[in-house]
Every structure is written in C-alpha cells, then in structure tokens.
Amino acid sequence: MNQKIRDIDRAELHAHLGSSVPVEILWELSHEQWIRLPVSNYDDFERMITMGKDEKNKDLIEMDAKYFRWTEIIQSSPFALREAVKHTIWTNYRKSNLVLQELRFNPMNRNKSWELDLDYVMISAIHGLDKALLQYSKVKAGFILCLDRRFSVEQNTIILEKAIKYKNRWVIWIDIAWPLVDSFDIKKYKTIFEIAKWAGLWTTIHTWEEWEIEELRYVVEEIKPDRIWHWIMAVQDKKIMERLAKNNIILEICPTSNLKNSKLPNVEALKKTIRTLLDNDVKLTLNTDWAVMYNINIVKEEEFLLENGIVTEKEIKQMYKNAFEYTFIK
Ligand SMILES: [Zn+2]
C-alpha cells in the first residue's frame, strides 16, 4: 500500500463508467462474452481503447468513434455491467483512495438497441455497486444516469423514469451528456429537470464548450442544476461566474479531458482558465472524466496540476472538500 495515496481521502463526482473500467477487466470481459474483437492480443487491445501521451481528439465525436465504441460494447450485458461497476469502484479505491465515487452512465446505451430489458440493465449495475461496497466498507458510491443529446425527448424521458424508479437504490442524479446535435433543444428539458427535482433527484448538466454562451446562461438561470460540467466558457462572462459563486453551483473540472479533446489548446490556457475561476470564487471539484482512455487516475491528475503550477496543494484539498460537501451520497 502506498501510504502517500492513503493520506488523503478523495472524492470524485465526474467519472463516466464507460471509460473508468480497467483495461485488463475489459479484456477479460470481452473474452468471457465471446466478443469478436478487431485485435487478437492484449497490447493491441490496450492501444485500441486508450490514447497515446501526445495524442488528441479533434472533438468528442472523434473520441467516441475512435476509442469509446468498443468499451461500451464490452460493458453492454447484465453480467458485464455488474463486473464493470464492481471493478471500477475497487480499483479507484485501491489505487487512488477514492472513498466517494459518483459514477455516471446511460442505461439505454447498454441495452443493445432494445435487445435487453432496461430494468435488468439497472439491476445489474445496482448489484455490482452492492458488491463493491460490501467488500470495501470505507467506500461510498452512487449513480448518475445520463440523458443523451442524440436521443429524442421521449427516449430521455424513459431514462428519467428509470432514475426515479431506482432512486432509493443508488441512483441519485440525472445528467445530460454528449455533444450538441441539431435536433437537441435545451429548452425542452426544463420540465424534465423540474420533474427530476420534484422526484428528489439531484441534477447536473454537461453544457459543452461548442455551445453559444446563451445556452450556458439558460442552464444557469432557468434550469438551475446543482452542478455543471462546463467551466471553459464560464470565464468569458463575469456575471455568470458571479451567479455560480453566489448560488453555490459547483463546476466539475476535468483538466486532462479538456486538453485531450482539444477544448483548450495547451497547459497555459488551462492554467489561465482555472486561475480565473478560482480568483472569482467559483467552487471547483477535481475529476478525471474518462480516466482509462486518457491513462490517468485522480492522483495523476493532482500531480499534473501541481507540477505545472496550476494550483496549490491547499487548493486541491479544497476541491476534495467541495466534493465531499456537494455530493448527495450520504
Ligand atoms: Zn463528462
């Protein structure tokens, strides 16, 4: 055991299950399920689902097509999803002392285009989490169900219904994920988020960088989620930063993810963005987003920020403090 890692209790609020499952577990799962992979040895498989050190995606669509597709296929069975949840939580605790983990996923992206029953998908994820917590009693965890911008409002409403149905079985939040598509209109989601809040769910939203700042304003002023994954554009508008600070809306920052997906050009731009938010009293939490794809974990993310003089140790501790304070896993 690395005592240095155990010295800090860590919490992560923004990790996609899709790319948080260790490579060796995905390799095992693909073989257990007789999946015909396009590669036949482990090293090639690792290269297929993880990014090289200097590699970048042009955008999230490229990221999905190049790296994410296979990881989602491998996890899409009741057996595999249970194992994926369990091993992710265990690995995060053992390697990074993550004692609080919010994992997000979209159950409808794991039912093989309706071949599988969504309730079995949910129950399988819940069983995986039950087992993980039984074996590592220090850990707390829960699920965020992601709606998808590429889906219709009707499809996303079904995901909301599942979130409400399993609210007392580890589902605590809903989110909207994936990039903007022409058919998506955030205004159609105000009611969905109102229903979620009324049902006792907490809410968070990926409001992507490609968007016009008006979209972010609409989210902050009309939908008012509890947390937001959108921090790059927020620095362009002092009023938005004031609103975020005043209303205690937390920003979930994922530094490596933004560099890897070309949302920020370089480390200098990353530093400027984070410093501007901190200087304007916006509360932040530190997260990995798609850890396995980027070959990182939360400890490596800390080291990256410190080595580049982006934040201080005290500020990192404050980010974890924020995460423990603003999680709704109790
Ligand atoms: Zn994300």
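## Helices α2 and α3

The crossing of α2 and α3 is right-handed. This is a predicted model. Helix α2 spans residues 23-32, and helix α3 spans residues 42-49. Their axes lie 10 Å apart, at an angle of about 115°. The two helices are therefore roughly perpendicular to each other.

Which residues of α2 and α3 meet? From α2 come Val-23, Leu-26 and Trp-27. From α3 come Tyr-42, Phe-45, Glu-46 and Ile-49. Six residues of this contact are nonpolar, none is polar and one is charged.

## Helices α7 and α8

Two packed helices are described by the angle between their axes and the distance between the axes. For α7 (residues 153-165) and α8 (residues 190-198), the angle is about 5° and the axes are 11 Å apart. That makes α7 roughly parallel to α8.

Helix α7 brings Asn-156, Thr-157, Leu-160 and Ala-163 to the contact. Helix α8 brings Ile-192, Ile-195 and Ala-196. Sorted by class, the contact of α7 with α8 holds five nonpolar residues, two polar ones and no charged ones.

## Helices α9 and α10

Helix α9 covers residues 213-223, and helix α10 covers residues 238-246. Their axes come within 11 Å and cross at roughly 25°. That makes α9 roughly parallel to α10. The crossing of α9 with α10 is left-handed.

Leu-216, Arg-217 and Val-220 sit on the α9 side of the contact. Ile-240, Arg-243 and Leu-244 sit on the α10 side. Four of the contact residues are nonpolar, none is polar and two are charged.

Helix α14 runs over residues 298-307. Which of its residues are buried? They are Ile-298, Glu-301, Glu-302 and Leu-305. These residues cover an arc of only 100° around the axis, so they lie on the same side of α14. The face turned away from that buried side carries the exposed residues Glu-303 and Glu-307.

What covers the buried residues of α14? The cover includes the strands β1 (10-16), β2 (98-105) and β8 (284-286). It also includes the helices α5 (78-96), α11 (255-260) and α15 (313-326). After α14 comes Gly-309, with a positive phi near 60°.

## Glu-315 in helix α15

Glu-315 is found in helix α15.

Glu-315 and Arg-227 are 88 residues apart along the chain. Their C-alpha atoms are separated by 19 Å.

## Two loop residues with positive phi

Most residues other than glycine have a negative phi. Trp-170 is not a glycine, yet its phi is positive, about 80°. Trp-170 lies in the loop between α7 and β4 (171-177). With 19 C-beta neighbours inside 10 Å, Trp-170 counts as partly exposed.

Asp-289, also a residue other than glycine, has a positive phi near 75°. Where does Asp-289 lie? Asp-289 is in the loop between β8 and α13 (291-294). Asp-289 counts as buried, because 26 C-beta neighbours lie inside 10 Å.

Definitions and conventions: Residues are numbered from 1 along each chain as its sequence is written. This is a predicted model: local features need pLDDT of at least 70, side-chain atom pairs count only at pLDDT 80 or more; totals for chains, interfaces and linings use all residues. Axes are lines fitted to C-alpha atoms, for helices over the stretch in contact, and angles run from 0 to 180 degrees between N-to-C directions. Helices (H or I, at least four residues) and strands (E, at least two) are DSSP runs, numbered from the N terminus. Angles under 35 degrees count as roughly parallel, over 145 as roughly antiparallel, 65 to 115 as roughly perpendicular and the rest as oblique. A crossing is left-handed if the near helix is turned anticlockwise from the far one by less than a right angle, and right-handed if clockwise. Two residues are in contact if their C-beta atoms, placed from the backbone, lie within 7 Å. Ala, Val, Leu, Ile, Met, Phe, Trp, Tyr, Cys and Pro count as nonpolar, Asp, Glu, Lys and Arg as charged, and the others, Gly among them, as polar. A residue is buried if 20 or more other C-beta atoms lie within 10 Å of its own, exposed if 12 or fewer, and partly exposed in between; C-beta atoms are placed from the backbone. The arc is that of the directions from the helix axis to the C-beta atoms.
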